[in-house]
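Subject: Structure handover

Dear colleague,

Here is the structure I said I would pass on. My notes on it follow below.

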Amino acid sequence: MATPQEVLGLIKEKGIKLIDLKFIDLPGIWQHLTVYENQIDESSFTEGVAFDGSSIRGWKAINESDMSMVLDPDTAWIDPFMKEPTLSVICSIKEPRTGEPYSRCPRVIAQKAIDYLQASGIGDTAFFGPEAEFFIFDDVRFDQNQHEGYYYVDSIEGRWNSGRKEEGGNLGYKPRYKEGYFPVAPTDTSQDMRSEMLLTMAECGVPIEKHHHEVATGGQCELGIRFDTLVKSADNLMIYKYCIKNVARKYGQTVTFMPKPVFNDNGSGMHTHQSIWSGGQPLFAGDKYAGLSDMGLWYIGGILKHAPALLAFTNPTTNSYKRLVPGFEAPVNLAYSQGNRSASVRIPLSGDNPKAKRLEFRCPDATSNPYLAFAAMLCAGIDGIKNQIDPGEPLDVDIYDLSPEELAKIPSTPGSLEDALECLEKDHDFLTVGGVFTEDLINTWIQYKLDNEVNPMRLRPHPYEFALYYDC
């Protein structure tokens, strides 16, 4: 763990003049403020740096806008994308009037989830390992106004370009739909870019593991990072997204973490591995199904019980539910299994090492705010453990072999963001009982999503509606 003194020493040693303070807004986008080095001292790590919070989405009103960014010394890294040597530091938000952590700050909520875990006596550490997928495009254009609406994405890898002439001669090698998993070059065109993305993340302190092409055509990829503690893992995911987007920009390309930017091919998810430990020992390893302990199964029980409400945080966009449809390896079935990828909870094969025993919640996607999503999942799991919620029988059959009658017995994920928000409104005691989420935060989240995403989508005609109905 770094100390404020060590960070200040690094600034002096490297002759750094600029410090970039990064924090996350409520929907999940990084914001930043760059200050000159004389604006940072030891008090910045306890009292914070003042800023106006009234223009941050989902936060303060104009008459109570003063807030403070409190620097976390353990998150300092040299930013590789700045022309001038710049130290980036991730911050949590504080109420300067009361001195209390701000209850709508997602990073504060994530830390409260860990405090709740420790206060419960169940464990002292929660590990999370997200697997965020994304698309790399060569071109993206979109607009919506009173008389027109469209989007356009393109990639030299897109199967739709197999007949295009405007490439100086089409060289072929376009991944077929749903067949983009692990091809070598020249079919895989982004090897060098992904390598730079991965190594840049390592420079920023993210523990890296691997990278590869993903299933969909048109440039779908994934980089693998190592699991970490809940708050640190959310920090790492934000650095992950920051590095990937900025490296792609250097190559003249663009990245999106939208779950479903390409019709009729696999979408991008963020399978999230998780486990609880105590005193350096894993608590999910045992002699039950798939090598799990009772605690591990109860945790799954909590995830499955509260999944419809959880998805309001783990799949928080209208586009999220374009991915959660059957037929695309989508985890739409609220069941668990040690091998079935259509189940929403999977227990990975981890061998005999109890430290590797974990579960994987497959519903989330990377449009989520990771601090809120991880905190919500942990709260659901704690509720399962405290109440010993039985997850039922595992789903170890091929889902596509089931009859309609059998399939109807398996609960499924909500069909839209509006449905998930309704579930959250009805079922959120598991989030507030430990003081992790406040009623204010949950109400703000629901209203923000309705006002800014659900209702605006309702008002606008969809291009495909013209194909369906224009000649009526």
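Where is the place of F142? F142 sits in strand 8, which covers residues 139–144. Please keep in mind throughout that the model is predicted.

Surface patch

F142 has a relative accessible area of 62%, so it counts as exposed. Together with V140, Y151 and F263, F142 makes up a nonpolar patch on the surface. The accessible area of these four residues together is about 520 Å².

Helix 7

Helix 7 runs over residues 370–386 and has 17 residues. From its first C-alpha to its last, helix 7 reaches 24 Å, close to the 24 Å expected at 1.5 Å a residue. How much of helix 7 is covered? Of its 17 residues, 16 are buried, and the helix is therefore mostly covered under the cut-off of 20% relative accessible area for a buried residue. Just after helix 7 comes Q388, with a positive phi of about 50°.

Cysteines

How many disulfides does the count come to? The count is 0 disulfides. For C91, the closest cysteine sulfur is that of C105, and because the sulfur atoms are 9.4 Å apart, they are too far for a bond. The limit for a disulfide is 2.5 Å between the sulfur atoms. C363 is likewise in no disulfide; its nearest cysteine sulfur belongs to C423 and is 12 Å away. C91 is buried, with a relative accessible area of 2%, and C363 is buried as well, at 0%.

Aromatic pairs

There are 20 aromatic pairs in the structure. One of them is formed by F23 and W59, which are stacked, with 5.7 Å centre to centre and 25° between the planes. This pair links distant parts of the chain, 36 residues apart. F23 belongs to strand 1 (residues 18–24), whereas W59 is in the loop between strand 3 (49–52) and strand 4 (66–71). Are F23 and W59 buried or exposed? F23 has a relative accessible area of 4% and is buried; W59 is buried too, at 6%.

A second pair is W30 with W77. Why does the pair of W30 and W77 count as stacked? The ring centres of W30 and W77 are 6.4 Å apart and the planes are at 20°, so the pair is stacked; the cut-off for stacking is under 30 degrees. W30 counts as buried at 15% relative accessibility, and W77 is buried with a relative accessible area of 4%.

Helix 11

I442 is in helix 11, which spans residues 439–459. The relative accessibility of I442 is 0%, so I442 counts as buried. Along the chain I442 and F81 are 361 residues apart, and their C-alpha atoms are separated by 35 Å.

Regards

Terms used. Residues numbered from 1 in each chain as written. Predicted model: local features only at pLDDT ≥ 70, side-chain atom pairs only at ≥ 80, totals over all residues. Heavy atoms only, no water. Patch = residues over 30% accessible without salt bridge, like charges linked within 9 Å, V, L, I, M, F, W, Y side chains within 5 Å. Areas by Shrake-Rupley, 256 points an atom, 1.4 Å probe, with all protein chains shown as cover. Salt bridge = Lys/Arg side-chain N within 4 Å of Asp/Glu carboxyl O. Helix = DSSP H or I, 4+ residues; strand = E, 2+ residues; numbered from the N terminus. Buried < 20%, exposed > 50% of the residue type's maximum accessible area, 1.4 Å probe, protein only. Expected span 1.5 Å × (residues − 1). Phe/Tyr/Trp six-rings, centres within 6.5 Å; stacked < 30°, edge-to-face > 60°.
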